[in-house]
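Good morning, and thank you for joining this group meeting.

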2 protein chains.
Amino acid sequence: MSATTPNPASAPDEVTLVDTVITGATVLTHTTRPAPAYPELPREDVEARGTATFLDDHAIGTRGGVIAWVVPTASVPASVLDAAARIDAHGLVAIPGLMNGHTHSPMTMFRGSAEDVPTNEWFNKHIWPMEVNLTDRDVYLGAQLAIGEMLLGGVTSFADHYFATDQIARAVEESGARALLASTFFSSQGPAGVESSAAFAERWNGAAGGRIRTAMGPHATYTVDDADLELTAAHARRLGIRTHIHAAENMQQTESSLAKRGVTPIQVLHDTGVLEAGAIIAHGTGIVESDLEWLVPYADRVGVASCSKVYMKHAHTTTPVRMLHDAGVTVGLGTDGPASNNTLDVLESLRILSLKQKDAHLDATWLTSQHALDIATRQSAAVFGQEASLGALLPGYTADIVLIDPSAPHMQPMHDLAAALVLSVRASDVRTVLVDGEVVVRDGRLTRLDLGEAIAELNARIPELTDRSRGSIQDYAP
Amino acid sequence: MSATTPNPASAPDEVTLVDTVITGATVLTHTTRPAPAYPELPREDVEARGTATFLDDHAIGTRGGVIAWVVPTASVPASVLDAAARIDAHGLVAIPGLMNGHTHSPMTMFRGSAEDVPTNEWFNKHIWPMEVNLTDRDVYLGAQLAIGEMLLGGVTSFADHYFATDQIARAVEESGARALLASTFFSSQGPAGVESSAAFAERWNGAAGGRIRTAMGPHATYTVDDADLELTAAHARRLGIRTHIHAAENMQQTESSLAKRGVTPIQVLHDTGVLEAGAIIAHGTGIVESDLEWLVPYADRVGVASCSKVYMKHAHTTTPVRMLHDAGVTVGLGTDGPASNNTLDVLESLRILSLKQKDAHLDATWLTSQHALDIATRQSAAVFGQEASLGALLPGYTADIVLIDPSAPHMQPMHDLAAALVLSVRASDVRTVLVDGEVVVRDGRLTRLDLGEAIAELNARIPELTDRSRGSIQDYAP
């Protein structure tokens, strides 16, 4: 799609027969091209990034899990309506399924268990000693609870990074959600670490009818050595997948890396071939200007997942979104794990990123709500490497669709829908969610999952899970 | 109550006959003394501030709008239960009604109408030109919508600052909510300004069965001159009320005041007698260390209402909560008006204050969730000057009670209820709200208000309301 092609959503598409028609929605769309060609975009398109607009009273037809057309509701023939399942979205806003670019979903089980502590204590006194206690079933139930929370909040896809990932994959498969799963490893595990992460990635990539995709999962540049990162990149190239890794999580890690070995964490990813093979960089709050030299050449395959709430809570400076934006590097949203973020609410991540960016630069004009919505949709999809199929409500894109009800008092009256979706909306305003064209949340209720058992069992497990006396995964000393 | 008195909630109260019994709740209480005697507290009590704790499976009895007792559910005799209206709160958490210490409630009508602009443009290009268009009915409907949004989010009381306040008072009276109303004036109005603010305060103080109380409403130290502030203080003393005023809204205002007249905005409040008479200082992000000299002597009657989300959005530095805390000055929560804050969600204000404090000091250990809950309850009540009757669930306190449902996936499993109420809860988790012992929200629905007409009419008014061509209230030039 070139910059001069008319927006397909407003072109006179053929209104073909479909499985499902959503009628009467206000549909979020974009007036500039999507992210894939971003590094080659002319400057004016970069400047124009984030021009979310809305189409009133439109209908979306989906067939075989894919969006077939987006047209004015009045232009849908009765014959097409009669042959399809109908979802009445009059008064609702349709947005692309939200994407969580970095989380550790099973850590719902530790939500609220390590509060008001600095990062080193969070790891060494709480999380790593508690993670010794995990069973496969804990991971399965924790992931199931997380997926339920995310779907209810309009999050259709998440990039996960954890242990016992076969359990997570099973929970994803059953739930109807979409995920990009990475099996975490450390070099302290020896050669088995990277190999088992690669074996998981190979085993599950494309599973659940394509809803599951995988990434390599090295933990971080301070816990995985360069030889293992080179092996990681080789596996990623072989499998055609990305690497999802914590890097430059905070400025102290960058400073420590420079002091110990004279290179930044981002240069380590460059030098080991991880960036060239494609990567999701989690956090990146310690990315410095000189890192642009390593990031920009791979801007078409590398993105940063920013989890702004966690940086405030854990007292780190925030991701340099403005510097990355100006250099053409993609930034998407993440929540980090619920043990640090306390929720898996991507609408909250969106709001706090927006506010924190204005705050960080003391510039109220920076990062408009339109821009923020671009980060939440097309840029987040680009972080996943799935910008050709996710993050936009356009013909040919996958039918991951969220219907939001803007009628509650806290969003009324309606002057500015973009501002409302960034600064007023609540996850509880999500009414209906489709993944691959299937309704997974209807009128605020999960259609496939019953979370009662997971919640009861995880609460009963708290005494065992929080026993910090049985050793630790390892020591946090980046 | 001295520091060594046992907590009344766990003392063997007499379980007398009451109007209403809430059974089975987890009740938020506090283990240190409440705020009134704060300036005289021994140092160790100041350090211990914010020790919110929870009583499991307790019952709250209310009689004549006042809490009669808080005891274990099992200790309530059947005869007492049978004689009372019952609210089953099994599995719910009871907290004191939330208090919004600074807002401009009717500005719901401008929610989202002035986005991504610096403060001077926000006033001069948007808000003050639009406010020329207001009718009394706009103010009434805007306030009604605001009150509905607040009650649904557990906000039982709000300190308002606006024009056409008779309309706001009428909306409060009808809604069942509680408010502290101030009629805004500028010295540009001449002597009529301060007099009409005082007349309003006198007319409505104690109305609606005591649910309405009033304050004097000078706009700010840069729009109201010293003579009018001295008159304000005289009226406040005469009426036994506080003054609610914008002061040191940002550091630039403090610097400008120092440059123009050699004193800070806070010293102006001191020198004109406003502090001595008692004051709610809105924002105070420009309070500097030397201002403590003026604030500390009146710490028993002066509080700062902090609206942390707005400071991030409008790119101001934040309220110096830590400095004020260490000096013994009370800080409560506010939202500011919905034209700048985009919501009237005090739980959101609580969360963002908590996060922004850690962020501002790059200290993850500062301002724990327990401390944040103290700010949301007892300190906010002290900002209103109502710490003897509001902000605590204790016998003798007014029955403003909020029941929150913590069972949704985003709060489970439950390791830490204080953290969950600060970092995971959503306003949509509020189930039932009582003001003066009357149920004003039941199972998430307003019992007295129907907002449909207000929402429809304000949306229809948008073209007229947003006409910026008819002049302006005045020029923002602090």
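This is a predicted model: local features need pLDDT of at least 70, side-chain atom pairs count only at pLDDT 80 or more; totals for chains, interfaces and linings use all residues.

**Rings, a pocket and the backbone**

At 4% relative accessibility, B:F186 counts as buried, the limit for that class being under 20%.

What partner does the ring of B:F186 have? It pairs with B:W128: the two ring centres are 6.2 Å apart and the planes stand at 85 degrees, so the pair is edge-to-face. B:W128 belongs to helix α3 (residues 119–131) of chain B, while B:F186 sits in the loop between β8 (178–185) and α6 (191–204) of chain B, so the pair ties together parts that are 58 residues apart in sequence. B:W128 is buried too, with a relative accessible area of 2%.

Over all chains, the structure holds 16 aromatic pairs. Another of them joins A:W128 and A:Y476, whose ring centres are 6.4 Å apart; their planes meet at 55 degrees, so this pair is tilted. Here distant parts of the chain are linked, for A:W128 is in helix α3 (residues 119–131) of chain A and A:Y476 is in the segment after α18 (452–465) of chain A, 348 residues apart. Both A:W128 and A:Y476 are buried. These two residues also belong to a cluster linked by ring pairs, which includes A:W122, A:F123, A:Y162, A:F163, A:F186 and A:Y222 as well.

Rings take part in another kind of contact. In chain A, A:R170 lies over the face of A:Y140, 3.8 Å from the ring centre. In chain B, B:R170 lies over the face of B:Y140, at 3.8 Å from the ring centre.

Let me now turn to chain A as a whole. It contains 18 helices and 17 strands. Its C-alpha trace spans about 65 × 50 × 45 Å along the principal axes. A compact globule of 478 residues would have a radius of gyration near 23 Å, and the 21 Å of chain A agrees with that. Of the 478 residues in chain A, 67% are buried.

Next comes the empty space. Rolling a probe the size of a water molecule over the atoms shows where such space is left. How much space lies in the largest pocket? The figure is about 1,400 Å³. The pocket is lined by 41 residues, and the closest to its centre are A:S428, A:D429, A:R431, B:S428 and B:R431. Two or more lining residues come from each of α4 (136–152), β15 (430–435) and β17 (445–446) of chain A, and from each of α4 (136–152), β15 (430–435) and β17 (445–446) of chain B. By class, the lining has 17 nonpolar, eight polar and 16 charged residues.

I close with the backbone. The peptide bond from A:Q412 to A:P413 is cis, with omega near -10 degrees, and A:P413 is in the loop between β14 (401–404) and α17 (417–424) of chain A. In chain B, the bond from B:Q412 to B:P413 is cis, again with omega near -10 degrees.

Which phi values are positive in a residue other than glycine? One belongs to B:A315, where phi is near 60 degrees; B:A315 is placed in the loop between α12 (308–313) and α13 (321–326) of chain B. Another belongs to B:N342, with phi near 70 degrees, in the loop between α14 (338–341) and α15 (346–361) of chain B. B:A315 counts as buried at 13% relative accessibility, and B:N342 is buried with a relative accessible area of 1%.

Key
Residues are numbered from 1 along each chain as its sequence is written. Chains are lettered from A and ligands numbered from 1 in the order in which they are written. Side-chain values use heavy atoms; hydrogens and water are left out. Rings of Phe, Tyr and Trp (its six-membered ring) pair if their centres lie within 6.5 Å; planes under 30 degrees apart count as stacked, over 60 as edge-to-face and the rest as tilted. Helices (H or I, at least four residues) and strands (E, at least two) are DSSP runs, numbered from the N terminus. Buried means under 20% relative accessible area, exposed over 50%, partly exposed in between (1.4 Å probe, protein chains only). A charge sits over a ring if NZ of Lys or CZ of Arg is within 6 Å of the ring centre and within 35 degrees of the ring normal. On a 1 Å grid over the protein atoms alone, a cavity is a set of points where a 1.4 Å probe fits but cannot get out, and a pocket is an open set with protein on both sides within 12 Å along at least five of seven lines; lining residues have an atom within 4 Å of a point. Grid points are joined across faces, edges and corners, and a volume is the space filled by probe spheres set on the points. Ala, Val, Leu, Ile, Met, Phe, Trp, Tyr, Cys and Pro count as nonpolar, Asp, Glu, Lys and Arg as charged, and the others, Gly among them, as polar. The radius of gyration is taken over C-alpha atoms; the globule rule is 2.2 Å times the number of residues to the power 0.38.
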